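Please read the following briefing alongside the sequence and the model.

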Amino acid sequence: MLFSELADTFDRLESTGSRLEMTSILAAFLRTVPKDALEPVINLCRGKLHPDFYPQVLGMSDKLVLKAIAFTSGTPDDKVEELWVKTGDPGEVAETLISKKKQMTLFSEDLTLERVFSSLVSIENADGKDSTEKKMKILSNLLHDSSPVESRYLCRIVTGRMRVGAGDMTVLDALSECFATKEDRPAIERAYNITCDMGLVATTLADGGVEAVSRIGVRVNSPVKVMLAERLPSIGEVVEKLGGRCAMEYKYDGIRVQAHIGSDGVRLYSRRLEDLTDNFQDIGESLKAKYHGKEAIIEGECVAIDSETGFMLPFQNVTHRRKKHGLDDAIRDIPVRIFMFDMLYRDGEDLTGRPYPERRRTLEESFAIGGNVQMTTMRVVESADEGEDFFNGAIAARCEGIMAKSLSDESVYRAGSRGFLWIKYKKDYQQALTDSFDLAVVGAFYGMGKRAGRYGALLMAAFDSESGSFKTVCKLGTGFDDQFLDSMPDLLDDRKSEKKPKSVDAEMEPDVWFEPDVVLEVVAAEITLSPIHTAARDEIKEGAGLGLRFPRFTGRVRDDKTAEDCTTVAEITEIYNMQAHDSDGLSE
Ligand code: AMP
């Protein structure tokens, strides 16, 4: 298969804003892809060579890619630099300069997908002293034989900038349109949610149809998308929503970890699918030692413990375990405990379809609980009063609040979905509207006065899962200390985008746009109708969206969340509706 077919498809996808059109372009293209090329094609559509949880990433620096472009196109470095400053996109630089070169080159070979893929794998694996040189050479060879459009995507792929606008939901739509029917879409999505491997889902579908896809179960070392909780504003409503009887667990303030215990060791993944095995080595070893069986997938919250008092410490303390440098010191100095709350797999049995009480029982029976491996504190409650009592205990134990969980027969583990089978209730909810929102940074405004020369405020957005786009909810300029203001360029500039990114829906025009990636925790006084923000536009009132009043950064960068994991527009609308309910005088 020729790489040009894929590059042309990327180009067509990029030139449309309609998700429906993207789906049909992609589905029509997938029909033409030979089965053995399906996996690399699907991964490349997502800008990757492997599934998201694969530890290695293909990250060439912009500088190196510009060097390869200069070398191949015979352009002086300063000219390349000039174009780079103007466009900010190595893909566009390559396209412009390669197109000039092409008019002069006589000998070049058509690029096959196979050659491109294996060259990219070689770039990824290049190591040793001369690895930069090797990477540069491999890319130059590809650029030598590529057309302008091909070079655009090659340079975007190697720098991690491949965003043609087709998100996971569009790829899943295209797969069901191409290989199955609309009715099969949930089964296909489920398979993706429990394997996080779109290439695997696509090849299984092409080979054995939806029956084969439905047989895919959770497997050790293939992380499962985490189940998420809804929220409600009072304990009474939580208990009522769950049928008057539910389980309540302490909501610990740490890092969520999914542990895959295999016969050859333990791997730990964050909810963003990063590999945290080295960061929580001690926890991995204890889990393995305390597990009665051979293979398992469990989930728990890793919490830092004060070594002198034995009290749980807030989230900030456990984040020291995430760093790469000085990790050994952090493991020694900051003891951590895992509080386990779910079990997804046990020795050949996929437990995700079993109700919560059965999963919890299996989890408890499967481990020798003790030391740094604990169960979350849980109680079955049958009234709001009992719930309040349990909540007060959670706060006294220095937890964030509670997680209420359904005890019904339907209380399965819903991978990758947020629903009312789990409901969170946090201490924040008790004070006016100070619940926190996790919002994606999509733009920045240059500062003035004391902040001159730095970013002074940020444009923040919530994720709209319906359209797969990010919609703005506030301009955030409060809560930044000097250290954070100084660190902003390092945190954000890699995601700079020349134009408004396709995934962002905004009316406000910041000075700089960013691809949504960095997530910040923000508190606000109130959600109000807004003439400028685009979240829930026209849903509550014609011409108005929803915005946050008096937003303030809490100081917490949610690097455990991807942009798609941030607070959704639906959640904000729901909270707005709860507020309206309060001010109607229906509650105190
Ligand atoms: P939030 O990040 O505020 O949406 O809250 C959900 C997170 O709470 C989960 O992703 C877990 O990391 C964490 N958590 C803490 N305790 C529990 C628990 N007992 N059950 C489930 N999740 C918990």
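In this predicted model, helix α3, which spans residues 35-45, is mostly covered, with 8 of its 11 residues buried. The elements that cover those buried residues include α1 (3-14), α2 (19-32), α7 (113-125), α9 (148-158), α10 (168-179) and α12.

**Helix α3 and its end**

- The buried residues of α3 are Ala37, Leu38, Pro40, Val41, Ile42, Asn43, Leu44 and Cys45.
- Leu44, leaving aside residues up to four places away in sequence, touches Leu6, Phe10, Leu49, Leu113, Phe117, Leu120, Ile157 and Met162.
- After α3 comes Gly47, and the phi of this glycine is positive, near 75°.

**Nonpolar cores**

- The largest nonpolar core has 69 residues, and the members that touch the most other members are Phe10, Leu30, Leu44, Ile69 and Leu120.
- Helix α12 (residues 198-214) gives the most to this core, contributing 7 residues.
- Another core, of 32 residues, lies apart from it, and Leu458, Val512, Ala536 and Leu546 are among its members.

**Helices α10 and α11**

- Two packed helices are described by the angle between their axes and the distance between the axes.
- For α10 and helix α11 (residues 185-195), the packing angle is about 130° and the axes are 10 Å apart, which means that α10 is oblique to α11.
- Where α10 and α11 cross, the crossing is right-handed.
- On the α10 side the contact involves Asp168, Met169, Leu172, Asp173 and Ser176, and these meet Arg185, Ile188, Glu189 and Tyr192 in α11.
- By class, the residues of this contact of α10 with α11 divide into 4 nonpolar, 1 polar and 4 charged.

**Helices α8 and α9**

- Helix α8 (residues 131-144) packs against α9 at an angle of about 160°, and the two axes are 10 Å apart, so α8 is roughly antiparallel to α9.
- The crossing of α8 and α9 is right-handed.
- Leu139, Leu142 and Leu143 are the residues of α8 in this contact, and they meet Ser151, Leu154, Cys155 and Val158 in α9.
- The contact of α8 with α9 comprises 6 nonpolar residues and 1 polar residue, with no charged residues.

- Leu273 counts as buried because its relative accessible area is 12%, which falls under the 20% cut-off.
- Phe550, which is found in the loop between β20 (545-549) and β21 (552-557), likewise is a residue other than glycine with a positive phi, here near 50°.
- Phe550 counts as exposed because its relative accessibility is 59%, a value over the 50% cut-off.

**Phe391 in helix α18**

- Is Phe391 buried or exposed? Phe391, found in helix α18 (residues 384-396), is buried, since its relative accessible area is 1%.
- Phe391 and Lys426 are separated by 35 residues in sequence, and their C-alpha atoms are 8.8 Å apart in space.

Notes:
Residues are numbered from 1 along each chain as its sequence is written. This is a predicted model: local features need pLDDT of at least 70, side-chain atom pairs count only at pLDDT 80 or more; totals for chains, interfaces and linings use all residues. Side-chain values use heavy atoms; hydrogens and water are left out. A nonpolar core is a set of buried Ala, Val, Leu, Ile, Met, Phe, Trp, Tyr and Cys residues joined through side-chain atoms within 4.5 Å. Buried means under 20% relative accessible area, exposed over 50%, partly exposed in between (1.4 Å probe, protein chains only). Helices (H or I, at least four residues) and strands (E, at least two) are DSSP runs, numbered from the N terminus. Contact means heavy atoms within 4.5 Å. Axes are lines fitted to C-alpha atoms, for helices over the stretch in contact, and angles run from 0 to 180 degrees between N-to-C directions. Angles under 35 degrees count as roughly parallel, over 145 as roughly antiparallel, 65 to 115 as roughly perpendicular and the rest as oblique. A crossing is left-handed if the near helix is turned anticlockwise from the far one by less than a right angle, and right-handed if clockwise. Ala, Val, Leu, Ile, Met, Phe, Trp, Tyr, Cys and Pro count as nonpolar, Asp, Glu, Lys and Arg as charged, and the others, Gly among them, as polar.
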